Amino acid sequence: MSRAQAESVIKNIIREIAQECASKGQAVSETLVAFMVKAVVLEPSNEFNVDRTLTKDDVQKLIKLCVERLMDSRSPALDTVKMQVYFDMNYTTRSDFLEEHRRVLESRLQPVIREITDSRARTREELESLYRKIVSAVLLRSGLGSPTDIAVVREATAALQSVFPQTELGTFMSLTKRDKERQLLELTMIVTGIRLFNKECGKGGEGIDDLPAILNEAVPATTQNVDSEVQSTLRCAANYTALIEKMQNSDNQEGPSTQLVKDSLINTRQHEAFLRVILNDVISCAQQVEQLEQQLATRMEQLQATVQSKTAVPTAQVYPQFIHLSQLWSCFQDEMVLLSVLSNILASLEPFSRGHRELFSDEVLAPFLEGAVIKTDDQRLQETSGPDNRINPKELKDFDWLYPETTKNFNKLPIQYRSFCAWALGNFDRLLIPSNPEIGVLRYKDHYYAFSSKQAAYEFTQNPDGYIRLVAEGAKKSPELIQLLELHTQFASITPYSQGKDQGRMIEKPVTKCDSGTQTDTHLLEANIVKSYEWNEWELRRKAIKLANLRTRITHSVQTNLSNMRRDTAIQVWPPKENTTQTKTDAYTNVPRPQVFLAGLRGGGMTTSTEMKKVDLTIDVDQT
């Protein structure tokens, strides 16, 4: 079976499980179903072999087991999975959220901006309508008041007229679309800064909320809510941990199910992890608000010093300050929205932890906790702190140990299992006990492991691979531990469902990196760009009118003494033709070639005189 066929089969299984749950009155998302499919396949007791193709009986068994788990309304393990799916689908980092928030705002403003930039207003009524649209766009982008409030519109119009009077619309209309959008953004920031400054001076500010004051009340309240939830979660975790330890050391089998208590402990620890993420964001929000308040006060003082009741102030001095004031206020708005989202996530996480609290209320746990020693996380850390509880590296020479005073950036070490004790996870089958890194951190096979006590560290070093394997086996029994303990790399090869964007990002594969190279043709397709093409029919009409008007125009030119010798000239000549002539008859003449021979030049000796004779040897032309 190909990969595409396997994905199609898995999607059909997920869809069928979701439909069957819906028919029984339980609505579940496909992301949750996909996670449950993986959980069922990973559990060894279900005897699914991921290396072979599922038969028809396997598919029916898988669907049945998944539906049973999804329909269990009192299962802490299912609540943990739901919590992980919800948090993964709704939470993102601060920078990503703000970037997405700004993108959504811009997309909502695009129809208004496009209506302004594409306007071809000519008459007075059309120009007035265009100006009102610009005022509305400024109000919508700034978020300072409603465009339907008359008082807000009047104040914004007055501020805009001081910067951009209606007579400037002609210049605005002649700009390109990109320049229009840039000018609208600049006008929005300047008008926003003017209105905020007027509010500070007590001369306006209609419809503008006091965001710094609101944030100063909301941030501490949200911090207190999150901190109270964390403390409540830690108390539950301490009770569950004490109960499990008592049940592990006792032969008495009476009491609640150990598996159920462990699932509740996992749910509690996952809830705590998410709450601490939210708490860190709220603290960052508080720090950001404090910095923004200081910058806002400084900017207001600078503006007061610049203006000082002057009737006219150079725009080059005051406009940049208004723009910076607008940017500061935009940051306040971002913090307000971010705090609101974090509060919503905090409220939405509570139902996922309600199940185990109702199942194991204080009245239910009280009889079973008699005689048990309940220790909080802080108490466990205090008990294992101090030089006597530190690991002696001389006793374990074959292993590499790291300590706070000898290791740079010790607090940033990527400790495995989210800093839970590696020995307790393997030895007590998924028991989550916080570790104390100060007693020593073990570096084993490029991974870092921390422990809850010195004795736990010594026992772990007896068989490290065995304990690591036990943790992996425990994660197969409780797949929600894969997310909690960050075991993605160990289970990267076992992926029973497609993890594309449409399935969500609950359990992500590790990013595999490699060096690769590709080659392409320089010019695969010939470019055919028509520079004169115009998509706007109104622009074509304008060009046609311009060309038609040129027919009735005359071009005049003048020349000065200085430009007389610089004018461009051109000369055109006709190249000479090649001519030939021909006569009717051919004629020629010939002359004889003269030849002369001189005889007797040798002489007759000493007694006889020399007589030279000249002989003419020339032959007539006719004889040749």
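Leu425, Arg430, Leu470, Val471, Gly474, Ala475, Leu481 and Leu485 line the second largest cavity (a cavity being a set of points, on a 1 Å grid over the protein atoms alone, where a 1.4 Å probe fits but cannot get out, with lining residues having an atom within 4 Å of a point). The model is a predicted one, so to speak of local features a pLDDT of at least 70 is needed, and side-chain atom pairs count only at pLDDT 80 or more, while totals for chains, interfaces and linings use all residues. Residues are numbered from 1 along each chain as its sequence is written, and side-chain values use heavy atoms, with hydrogens and water left out.

Back to the cavity. Its volume comes to about 40 Å³, taken as the space filled by probe spheres set on the points, with grid points joined across faces, edges and corners. The structure holds two cavities of 30 Å³ or more.

Arg430, one of the lining residues, is found in the loop between H15 and strand E2 (441-444). Its phi is positive, about 75°, although it is not a glycine. Arginine 430 is also buried, with a relative accessible area of 5% (buried means under 20%, exposed over 50% and partly exposed in between, for a 1.4 Å probe and protein chains only). Asparagine 409 has a positive phi as well, near 55°, and sits in the loop between strand E1 (400-402) and helix H15 (422-427). At 49% relative accessibility, asparagine 409 counts as partly exposed.

The loop between H15 and E2 also holds asparagine 436, which is buried at 4% relative accessibility. Leaving out neighbours within four places in sequence, asparagine 436 is in contact with Leu381, Thr384, Ser385, Phe451 and Ser452, where contact means heavy atoms within 4.5 Å. Its C-alpha is 8.4 Å from that of arginine 380, 56 residues apart along the chain. Glutamate 486, in the loop between helix H18 (480-484) and helix H19 (537-550), is partly exposed at 44%. Not counting residues up to four places away in sequence, glutamate 486 touches Arg418 and Leu481; Leu481 is among the residues lining the cavity. Glutamate 486 and glutamine 416 are 70 residues apart in sequence and 7.9 Å apart in space, C-alpha to C-alpha.

Now for the cores. A nonpolar core is a set of buried Ala, Val, Leu, Ile, Met, Phe, Trp, Tyr and Cys residues joined through side-chain atoms within 4.5 Å. The largest has 67 residues, of which Ile134, Leu160, Phe164, Ile278, Trp329, Phe332 and Leu349 touch the most other members. Helix H12 (residues 315-359) supplies the largest share of this core, 14 residues. A second, separate core of 46 residues includes Val261, Leu265, Phe451 and Ile468. Within the largest core, isoleucine 278 touches Phe87, Val226, Leu342, Ile345, Leu346 and Leu349, again not counting residues up to four places away in sequence.

Glutamine 231 belongs to helix H10 (residues 211-249) and is partly exposed, with a relative accessible area of 36%. Glutamine 231 and glutamate 272 lie 41 residues apart in sequence and 8.9 Å apart in space, C-alpha to C-alpha.

On the scale of the whole chain, there are 19 helices and five strands, and buried residues make up 37% of the 624 residues. Among contacts between residues at least 6 apart in sequence, 72% join residues at least 24 apart.

As for confidence, the chain averages a pLDDT of 83, and 90% of the residues score at least 70; pLDDT is the predictor's confidence in each residue, from 0 to 100. Among the elements of the chain, helix H11 (residues 258-307) has the highest mean pLDDT (92) and helix H1 (residues 3-23) the lowest (79). Over residues 493-512 the pLDDT is below 50, and this stretch has 42 contacts in the model beyond near neighbours in sequence. Where pLDDT is low, the predicted coordinates should not be read in detail.

Definitions and conventions:
Helices (H or I, at least four residues) and strands (E, at least two) are DSSP runs, numbered from the N terminus. On a 1 Å grid over the protein atoms alone, a cavity is a set of points where a 1.4 Å probe fits but cannot get out, and a pocket is an open set with protein on both sides within 12 Å along at least five of seven lines; lining residues have an atom within 4 Å of a point.
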